[in-house]
Amino acid sequence: MIRAGIIGSTGYAGGELVRILMGHKDTEIKWYGSRSYIDKKYADVYQNMFQIVDDICKDDNMEELADKVDVIFTATPQGFCASLLNEKILSKTKVVDLSADFRIKDQRTYEQWYKIEHKSPQFLDEAVYGLCEINREKIKGARIVANPGCYPTCSILSVYPLAKEGIIDMNTLIIDAKSGTSGAGRGAKVDNLYCEVNENIKAYGVAGHRHTPEIEEQLTYASGVPTVLNFTPHLVPMNRGILVTGYASLKKEVSYEEVKAIYDAYYKKEQFVRVLEKDVCPQTKWVEGSNYVDVNFKIDPRTRRIIMMGAMDNLVKGAAGQAVQNMNLMFGLPENEGLNLVPMFP
Ligand SMILES: NC(=O)C1=CN([C@@H]2O[C@H](COP(=O)(O)OP(=O)(O)OC[C@H]3O[C@@H](n4cnc5c(N)ncnc54)[C@H](OP(=O)(O)O)[C@@H]3O)[C@@H](O)[C@H]2O)C=CC1
Ligand SMILES: CC(=O)N[C@@H](CCC(=O)OP(=O)(O)O)C(=O)O
């Protein structure tokens with residue numbers, strides 16, 4: 001049995017990790033970490049876990065936790081994992097960090113976009129960017145995995161095959177994205193109050209959202225071309241789900257069949273990326289509660305652009321599901337263990 005500790009188990013991403021790991025046959029959650037609910041029953045924080053989880057929330061330092069578990073998930077705010085990680089911890093346990101601390105390789109870029117000092121730059125090179133479909137082999141041998149951001153996961157997987165194959169002009173890429181409110185976490189914020197979100201849609205982080213450099217970095221690796229893009233997220237009145245729409249100019253004339261063959265070549269063996277059939281646009285409802293990312297595209301011959309679309313559950317493939325997929329790879333388990341979650345509808 002893999003012994004898991006979750007720091008930040010009382011947040012939305014941590015809570016989803018608990019839900020998924022409860023159905024994982026090779027993992028036992030040994031430690032429910034919290035800062036605000038110490039000594040409270042976990043099921044008192046999340047009553048959906050009544051009679052399912054009997055454990056108490058605890059706080060501890062990460063070094064002591066490393067003695068007790070085989071894997072630590074840090075589902076905590078930006079800067080937390082980097083401020084505590086050290087060689088002693090990594091010599092005893094593996095770490096899957098759900099925050100952005102180790103996603104961006106360049107320390108200055110991280111500090112500039114996150115406006116915090118990076119406290120563990122010595123692990124930036126070693127950390128593997130945990131987008132399983134792209135970095136599978138590196139993840140298998142990793143001690144620390146940087147679980148990708150929710151918007152970046154959906155954006156990169158939607159665009160990746162065409163970036164890699166040089167079909168699109170990377171300098172023309174625009175990504176428009178929408179997220180449900182759970183993406184903002186459980187902490188109380190005025191912007192996320194019912195009356196602010198319900199019956200409303202708003203763009204935010206325009207020309208400055210912190211996921212921009214993460215998407216740019218990964219698409220630069222994929223395309224081999226320095227990629228700078230416009231990324232505009234929107235908050236929509238739903239609990240879960242991310243919908244991405246990407247636009248780029250085509251570098252040459254291509255047919256539907258040619259592009260479909262490219263997507264299929266990249267994803268036909270991937271359980272969690274579904275390339276939809278012609279003219280079917282991804283919907284968040286079709287992936288809710290599951291680890292799937294649905295992708296598709298449409299060529300617009302009038303503008304010589306291609307429109308790339310993706311839908312995903314931000315808490316599953318965008319956070320906890322992908323974290324478990326990473327853990328499975330790190331421990332040599334079947335990649336889908338605990339993740340055969342059928343999407344819920346309606
Ligand atoms: N929500 C999402 O869709 C996604 C989130 N993520 C990432 O996952 C991480 C968590 O996000 P999310 O769950 O949304 O956030 P929440 O605000 O819902 O939860 C934050 C968690 O971190 C804990 N925490 C906060 N500060 C400390 C501290 N100083 N010491 C120990 N624990 C602390 C909180 O504990 P307590 O409340 O008990 O004090 C809580 O459990 C973030 O880095 C986020 O970027 C990644 C992808 C998607
Ligand atoms: C709706 C909303 O607010 N979403 C969050 C992103 C989700 C998240 O927690 O960020 P990571 O994926 O980087 O961990 C935001 O825009 O900051």
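Helices are DSSP runs of H or I with at least four residues, strands are DSSP runs of E with at least two, and both are numbered from the N terminus. The structure in these views is a predicted model.

**View 1. Lys 115 sits in the loop between helix H6 and strand S6.** Lys 115 has a positive phi of about 55°, although it is not a glycine.

**View 2. The protein is divided into two domains.** Domain 1 takes in residues 2-126, and domain 2 takes in residues 151-314. Their C-alpha centres lie 27 Å apart. Nine residues from domain 1 and seven residues from domain 2 make up the contact. On the side of domain 1 that touches domain 2, helix H6 (residues 107-114) gives the largest share, with three residues. By class, that side of domain 1 has five nonpolar, two polar and two charged residues.

**View 3. A UniProt entry lists a domain over residues 3-142.** The entry, which is unreviewed, gives this stretch as "domain: Semialdehyde dehydrogenase NAD-binding". In the model, 36% of residues 3-142 is helix and 17% is strand.

**View 4. Seven strands form an open sheet with parallel pairing.** The order of the strands is S3-S2-S1-S4-S5-S7-S6. Strand S3 (57-58) and strand S6 are at the edges and have a single partner strand each, so one side of each is left without a neighbour in the sheet. The partner of S3 is strand S2 (residues 27-33), and these two pair in the parallel sense over two bridges. Gly 33 stands opposite Lys 58 in S3.

**View 5. Another open sheet of seven strands has mixed pairing.** Here the order is S9-S10-S8-S11-S14-S13-S12. The edges are strand S9 (202-203) and strand S12 (273-275); each has a single partner strand, so one side of each is left without a neighbour in the sheet. Helix H8 (residues 150-164) lies across several strands, among them strand S8 (174-179), strand S10 (230-235) and strand S11 (242-249). Helix H8 also lies across S12, S13 and S14, and runs at about 140° to S14.

**View 6. Strand S14 pairs with strand S13 and with strand S11.** Strand S13 (residues 293-300) and strand S14 (residues 305-312) run antiparallel and are joined by eight bridges. Strands S11 and S14 are also antiparallel, and eight bridges join them. Which residue of S14 is the bridge partner of Leu 243? The partner is Ala 311. Asp 294 also stands opposite Ala 311. Strand S8 is joined to S11 by six bridges, again in the antiparallel sense. In that pair, Ser 179 stands opposite Ile 242 in S11. In a regular strand the side chains alternate between the two faces of the sheet.

**View 7. Ligand 1 is surrounded by 29 residues.** The closest are Gly 8, Gly 11, Ser 34, Ser 99 and Gly 185. Where does the shell come from, in terms of domains? Domain 1 and domain 2 each provide at least three residues. Helix H1 (12-22) and helix H12 each supply at least two residues of this shell. H1 gives the most, with three residues. By class, the shell around ligand 1 holds 11 nonpolar, 16 polar and two charged residues.

**View 8. Ligand 2 has a shell without charged residues.** Around ligand 2 are Ser 99, Ala 100, Gly 149, Cys 150, Ser 179, Gly 183, Ala 184, Pro 233 and Leu 235. Five residues of this shell are nonpolar and four are polar. Ser 99, listed here, is also among the residues closest to ligand 1. Ser 179 of this shell is the residue that stands opposite Ile 242 in S11.

**View 9. The peptide bond from Phe 345 to Pro 346 is cis.** The omega angle of this bond is near 5°. Pro 346 lies in the segment after helix H12 (316-330). Helix H12 also supplies at least two residues of the shell around ligand 1.

Technical notes
Residues numbered from 1 in each chain as written. Chains lettered and ligands numbered in written order. Predicted model: local features only at pLDDT ≥ 70, side-chain atom pairs only at ≥ 80, totals over all residues. Near = placed C-beta within 6 Å. Nonpolar A, V, L, I, M, F, W, Y, C, P; charged D, E, K, R; others polar. Pairing = 2+ DSSP bridges. Contact = placed C-beta atoms within 7 Å. Axes fitted to C-alpha atoms, helices over the stretch in contact; angles between N-to-C directions. Domains from an automatic or database assignment. UniProt positions renumbered as here; feature names shortened; annotations may be inferred.
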